[in-house]
Amino acid sequence: MSEAPRQITLREWDRRYERWQAAGVPQPAYGGPLGRHVADGDTRLLKLRFDNSPAALRLWNFLLTEEDRLRAARAGGKRLVGTMKDLGTVPVMAYSLDNLVAFYPDGAWWIPCVMEVNSGLLQIADSLGIDESFCPVRAMLGAFVTEAHFPIPDLLTCSVGATCDDFSAIAQRLNGLGHPILWWEIPHRRAPEEGEEAVLLPGGFSAPKSQIEFVKSELQRVRFALEDLAGRSLDDEMLARGIAQANEVRRLLAQLQHLAFTAAPCPMPALEMLIAEMLAIHFCSDRAETIAVLRELLEEVNRRVAAGTGYFPADAVRIFWVNPVADLRVMNLLEDCGGRICGTEYLFTHALDPIPVDVPPLETLAQMALADPMVGSAIDRATRIIAEICRFGAEAVIVSRIPGASHCALEGEIIAEMVREECGLPVLEIEVPPLTDAMAPALRTRLEALVETVRDRRSR
Amino acid sequence: MLSSVVSYMAEPEKIIVYTCPYVPAEWIAAHGLTPRRLIPLPVAGAVTIPRMEGLCPYARAFVNDVAACENVDGVIITTLCDQMRRVFDLLVRRARLPAFLLNVPSTWQTVAAQRLYLDELKRLSRFLVRLGGRAPDRDELARAMLDPDLPGESGSEFRLQAGVRSTAFTRVKPSDLPSSLPRLRNVEPAAPEDSLARLKAELGPQTRTKAFGDPLRTHETNRTATGRPSTRLGRTESHGVGVPIAVVGGPLMQRDQVLFDIIRDCGGQIVLDATETGARGRHGPFDRRRLADDPLLELAQTYFRIPDAGRRPNSELYEWLQEELHRSGARGILFHHYVWCDKWRAELARLKEWVGLAVLGLDSDGNGEMSLARLRSRVRAFLEMLE
């Protein structure tokens, strides 16, 4: 089955799947032709191009069957935890209890893209007063109203404080509609002051010990709620085992990233890498399967690197990408324009850092929560981006704005300023709505201009 | 009234500006520093942060006004909203003014959150001392908390408004203030008077542009059962001419005073200013016994109870509104928010569902480009409907 890497369409995938099925190639329980998701309304898939490996097919099928998995988990007696505005902390805790399944309701922000705005979710959000001045994550409100995209969780948690206003406001609206929420506070991460005990966080930021203690006390509240829901205690030993599993996910992703961003030719396209990274946040509702999916993907990437096969011409421009895109198609577009991804900061780099295991579990999780690039200053975030740019040798930076997101108004300005000052690299800021079809020509022109600029700099 | 404000500020040392209601003026004053709550005009011309898609006009105006000020020795910004938290980053990169980011927890129901706020006030104290303030003692803080003339003290709303006016209008009419007072520089090529004059001209000859807060001139301040400040019109005013209206929303800039004028001109009377720069943004009364025991704790606890849309959950805001709307006798609500202010924008639909009164939403880009004619028409139609 091993073929030269090639990006293929959905139709090609389905024909290929038929052949595999006829040949008796084994597939996971959630496997099947990708085309069946189009029948469910995921029409955006028709406009994407996918990596042609079995590992990529498994990744896509895993992603697109999460709702089924959640319903099956509930039917099997498990309790569901919706972890809102939480990029990788509470899910680690929830999965430490074997009768809980955590998921990420905010993930509904991709539904308008995947269903090409045919889901009606944004219209529901509009009717609730959450209009297009908010981030596309407002689709989550519609998903709660229709109950058509995920089951209503048994417990909803939401981090607040140093978080986006738009999400916080949407969560409050949800709360006002009658969904109880356990709010937990994440304070703005600040630099330790003179004389204050400091803690070096995973990822390189530092914070005062007092902030770690505060977040730890907040996570303790979350732990009590999870214990109540699960009907059993969640001790440090269980948490430590959960952390070890989360670290396995992160270890696999770190290897994947390193190869995808540095190997020539590129062994895995940007779209599949984006999906793979997203698994780290909440394990797509099945931690064990996440590990299996990532292992297979890594095996494929290793195989390609060893064989010297991959994508894109050798002179593909090395791009560092900031923020996730609301329209997945844009990742294809960048590659069409002559770019390849060599570094990402999709808002959750902290969820990819190994969780320290030399401190008590709740404390280490508090450190991870405070290491979130979004809870600190944009200057901190830019500093980390610059370090990653240097690490992966990126030649240009794209800051992808999320329409309506409160953090996007200013952070791009700071990131661009600092990258230009310290790296001397060109920076392009673009805005990516859930569907970019109408603006695709303009977007393409801008991306091509960036690629051309970098090539011109090379020749000087 | 101005004399009392001037009297308080007669021996100015260093000026600390802020705009968020969760910054206790008393705490700054107890350090021997002069607190100034800055309500942006906004200034024209001086630009630390240009207009940007998605940027809250108020946050932008505040930072630009602060950066344009002379003789300001420090600025305090809070984390009450994400946009303010983020403009702090640009301020520290682009202005040399010492700046402090006060962590105001969004949650309020836990002891840990309350303690975090208290600890932040202590951290603020260290910042103020570094700026040349003196470490406050209990008596000094207690005196500041009992000082009725301190801007931010809840004992008199008009006093607060006067304080706001003295701050914000210093640049407009520096000659109004004694020469001994520190001055804020006239920063913009086009003087703020011009902006106000332009607004007046746009409003037409019938409109009187008054100082911000004038609609509250005849208000009495009362304490509610919950101990929060209450705004109630005096008997004469409450039975006066005009449809009783509440203005609800986030902060207002000085230029938004036109809204108050338009309401009056269209036949309304404002019986409740529940904006951040109005009664809602004020803390409740201090408990004198607790104040004597531990003034800082009492200060923190009292300020921490200010209701706001950004608290999680924000049920206290609705409890406050329920009480105040009932007390004021408002028959309709004008809900004001700036574009890109997610936290207030999201409350509009919820308020409409909850309140049982007519609600008219008014958004503003904060740049004075909102059509005043359109605004007037909307307000007039709303008031006619309520008559």
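Residues are numbered from 1 along each chain as its sequence is written, while chains are lettered from A and ligands numbered from 1 in the order in which they are written. Because the model is predicted, local features need pLDDT of at least 70 and side-chain atom pairs count only at pLDDT 80 or more, whereas totals for chains, interfaces and linings use all residues.

Chain B has 15 helices and 10 strands; helices (H or I, at least four residues) and strands (E, at least two) are DSSP runs, numbered from the N terminus. Of its 387 residues, 52% count as buried. A residue is buried if 20 or more other C-beta atoms lie within 10 Å of its own, exposed if 12 or fewer, and partly exposed in between, with C-beta atoms placed from the backbone. Among contacts in chain B between residues at least 6 apart in sequence, 74% join residues at least 24 apart; two residues are in contact if their C-beta atoms, placed from the backbone, lie within 7 Å.

One sheet of chain B is open and consists of 4 strands in the order E2-E1-E3-E4, with parallel pairing. Two strands pair if DSSP finds at least two bridges between them. Strand E2 (34-37) and strand E4 (99-102) of chain B are the edge strands, each pairing on one side only. From one strand to the next, the twist averages 25°; for such angles, axes are lines fitted to C-alpha atoms, for helices over the stretch in contact, and values run from 0 to 180 degrees between N-to-C directions. Within this sheet, 3 bridges link E1(B) and E3(B) in the parallel sense, and Tyr18(B) stands opposite Ile76(B) in E3(B).

Helix H3 (residues 57-68) of chain B has 12 residues and reaches 16 Å from its first C-alpha to its last, close to the 16 Å expected at 1.5 Å a residue. The expected span is 1.5 Å times one less than the number of residues. Because 12 of the 12 residues of H3(B) are buried, this helix is largely enclosed by the rest of the structure. Its buried residues include Tyr58(B), Arg60(B), Phe62(B) and Asp65(B). Their cover includes strand E1 (15-18), strand E3 (74-78), H4 and strand E9 (332-338) of chain B.

Further along chain B, strand E7 (residues 243-249) and E8(B) pair in the parallel sense over 6 bridges. The bridge partner of Val243(B) in E8(B) is Gly268(B). Together with helix H10 (residues 257-265) of chain B, E7(B) and E8(B) make a right-handed β-α-β unit: with the strands pointing away from the viewer, the path from the first strand over the helix to the second runs clockwise. Strand E8 (residues 268-274) of chain B is mostly covered, with 6 of its 7 residues buried.

The contact between the chains takes 35 residues from chain B and 39 residues from chain A. On the side of chain B that touches chain A, the elements giving two or more residues are helix H4 (82-94), helix H5 (111-130) and helix H14 (342-355) of chain B. H4(B) gives the most to this side, with 8 residues. The residues of this side of chain B divide into 16 nonpolar, 7 polar and 12 charged; Ala, Val, Leu, Ile, Met, Phe, Trp, Tyr, Cys and Pro count as nonpolar, Asp, Glu, Lys and Arg as charged, and the others, Gly among them, as polar.

In chain A, 4 strands form an open sheet in the order E4-E3-E5-E6, paired in parallel. Strand E4 (100-103) and strand E6 (182-186) of chain A stand at the edges, each with a single partner strand, so one side of each is left without a neighbour in the sheet. Strand E3 (residues 79-84) of chain A is joined to E4(A) by 4 bridges, and Arg79(A) stands opposite Leu100(A) in E4(A). Helix H4 (residues 66-75) of chain A packs on the sheet, touching E3 and E4 of chain A, and its direction makes about 155° with that of E4(A).

Elsewhere in chain A, Val322(A) lies in strand E9 (residues 317-322). Val322(A) is buried, with 26 other C-beta atoms within 10 Å. Although Val322(A) and Val399(A) are 77 residues apart in sequence, they are 4.7 Å apart in space, C-alpha to C-alpha.
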